[in-house]
There are 2 protein chains.
Amino acid sequence: MAEKIAIIGTGLVGSGWAVVFARAGCDVAMYDAAPGGAEQGREVVAQQLNDLAAYGLVEDEPSAILARVSVATTLKEALDGAVYAQESTFERTDVKREVFSAIDAVIGPDTLVGSSSSGIPASAYTDHVACKARCLVAHPVNPPSLAPVVELVPAPWTAPETVKAVRALMERVGQAPVEMTREIEGFILNRLQGVLLMEAWRLVEAGLATAEDVDKTVSKGLGLRWAFMGPFETIDLNAPGGVADYARRLGPLYHSIAASTDEHRVWDEALIGAVEAQRREVLPASDLATRRAWRDRRLMALARHLKNAEAS
Amino acid sequence: MAEKIAIIGTGLVGSGWAVVFARAGCDVAMYDAAPGGAEQGREVVAQQLNDLAAYGLVEDEPSAILARVSVATTLKEALDGAVYAQESTFERTDVKREVFSAIDAVIGPDTLVGSSSSGIPASAYTDHVACKARCLVAHPVNPPSLAPVVELVPAPWTAPETVKAVRALMERVGQAPVEMTREIEGFILNRLQGVLLMEAWRLVEAGLATAEDVDKTVSKGLGLRWAFMGPFETIDLNAPGGVADYARRLGPLYHSIAASTDEHRVWDEALIGAVEAQRREVLPASDLATRRAWRDRRLMALARHLKNAEAS
């Protein structure tokens, strides 16, 4: 029998999760506290499934996958019999505290709960609930159907079996779970993105290069390897003797670079305005929506490419 | 008539450059001070062209492209009539100083010179030559035929027209030049890679995640967008109002993350050993060469995918 998954909060992120679980064969129950919210979310699921099908990224007919997605009228109905609930409500501590209280009141003894929180750790909104050992953060990238990474971040009271079971579930449905041993601001993904962005802004601020040229350095250079292997594997293959050999050869250069970037200035309004002006010259504000649609098509084409490359 | 390009130093990097220029229709003269070096380099070119052809990444027959690549027996012969020379000799200041002296002695009045130096700025080895206004760094990623970015870094005495002309040449041959306004350690690419690596090592050192999970966070998440758009375009499309909107919303989070990573510790031997052990568990040292060949095939498939995606 198919596993049942509850989707709590059915905005863009929750709907994306519904696609992931339904595509993998799970029964998905969508619930949203806002009247009509879950129905709207299910329409987003239908749209995303059609897009994915056009790029060969689903095995079954979209309609067959959509048939596995139902709308639940109460939170209790959504959670009933679910092995896992993905919470994707508004990113504010007081909101999430209330949602977890409501979940706690009706959850069964075996259901695990992952929060899509991109920044607030689970300890900030699960300390008061009875099911807290079964709660953790499961932070996706949007949309999770195209970017499979999901960061699993336990609160101090999350049971190790919870992490283990959610990791196994995520692998079963085709996601790429990564695991933190404890909470830290920004988790892994936004910490890595953050340091790179900090240096990118700094280079522009110092007048060393334009934002466009910084972008090209990534999209026409660094990012090409990173689309199919991470930074450690990259350097492991870039020195004859592997990663330790690389660290001994190039460590001094990187330490020297890092030492010169200790100053983490706030991106002030003048700098923000300068980069905004550069971007708007490349892409007028009126074209942002069109470009976002372009990005989504490119991500789908890339996902298809990577899927084929991995299979061959 | 086809432009002539001189390749000075014909190891892996120089041979990669020969592929780039010959593929684009230039006449390429390869020179190496070591006897037989240029002949060996030309064989590498032949091999790379066959690989590229197998992935549909060259327009002409490999043999037709190779016919445009000749071996020069003297430096003078290589430079004679060349619009541009790409210097790719050993990465040591004293070596490069001598090479630039030798170039200076025989170079014509219109030839520009770019150095493949990945770290040493041009000011360290061109201050003494008469042609110094025509010299700069043109730092590629290996192999340049697959990763098109090239960092143009002028010395204080490099003429603006030199930068402009080399940028135009690089664009003509299908590379993606980025331009620094002045020299800085690590240029753009290694500075961006450096800050990300520094944080990656720190996460592993703090026991927050394994090297493998840090890698997956990039290869299954961050790196997917970065393979076709840079960090600024990424955040420009990730907030309703563009990059300034994003900076105001998420700046505080990133500053807070950055403030907590000010400590740039040296990667000490214990840490290097721990990451080496993790990597060798994933990939035994005896499999490094096989995995490098896998990476090159994946890069070629990705380059083909991106080429098609850009065309469509």
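Helices (H or I, at least four residues) and strands (E, at least two) are DSSP runs, numbered from the N terminus. By that naming, Pro143(B) sits in the loop between strand E6 (135-140) and strand E7 (149-154) of chain B.

This is a predicted model, in which local features need pLDDT of at least 70 and side-chain atom pairs count only at pLDDT 80 or more, while totals for chains, interfaces and linings use all residues. Residues are numbered from 1 along each chain as its sequence is written, chains are lettered from A and ligands numbered from 1 in the order in which they are written, and side-chain values use heavy atoms, with hydrogens and water left out.

**Backbone features**

Most residues other than glycine have a negative phi, and most peptide bonds are trans.

| Cis peptide bond | Omega | Loop |
|---|---|---|
| Asn142(A) and Pro143(A) | about -10° | Pro143(A): between strand E6 (135-140) and strand E7 (149-154) of chain A |
| Asn142(B) and Pro143(B) | about -10° | Pro143(B): between strand E6 (135-140) and strand E7 (149-154) of chain B |

Phe187(A) is not a glycine, yet its phi is positive, about 50°. Phe187(A) lies in the loop between strand E8 (176-179) and helix H8 (189-205) of chain A.

**An annotated span**

The unreviewed UniProt entry annotates residues 4-182 of chain A as "domain: 3-hydroxyacyl-CoA dehydrogenase NAD binding"; such annotations may be inferred rather than shown by experiment. This span is 40% helix and 21% strand, and its end C-alpha atoms are 28 Å apart.

**The two chains together**

Counting contact as heavy atoms within 4.5 Å, 111 residues of chain B are in contact with 111 residues of chain A. The two chains bury about 10600 Å² between them, 66% of it on carbon and sulfur atoms; this is the accessible area (1.4 Å probe) that the two parts lose on being put together, summed over both.

Between chain B and chain A there are 16 salt bridges, each a side-chain nitrogen of Lys or Arg within 4 Å of a carboxyl oxygen of Asp or Glu. One of them joins the side chains of Glu310(A) and Lys220(B), at 3.4 Å from N to O. On the side of chain B that touches chain A, helix H8 (residues 189-205) of chain B gives the most, with 16 residues.

Chain B superposes on chain A by a rotation of 180° with 0.0 Å of shift along its axis (RMSD 0.0 Å), fitted by least squares on the C-alpha atoms of residues with pLDDT of at least 70 in both. The two copies are thus related as by a two-fold rotation axis. Because 100% of the interface residues of chain B are also interface residues in chain A, the copies meet through the same surface.
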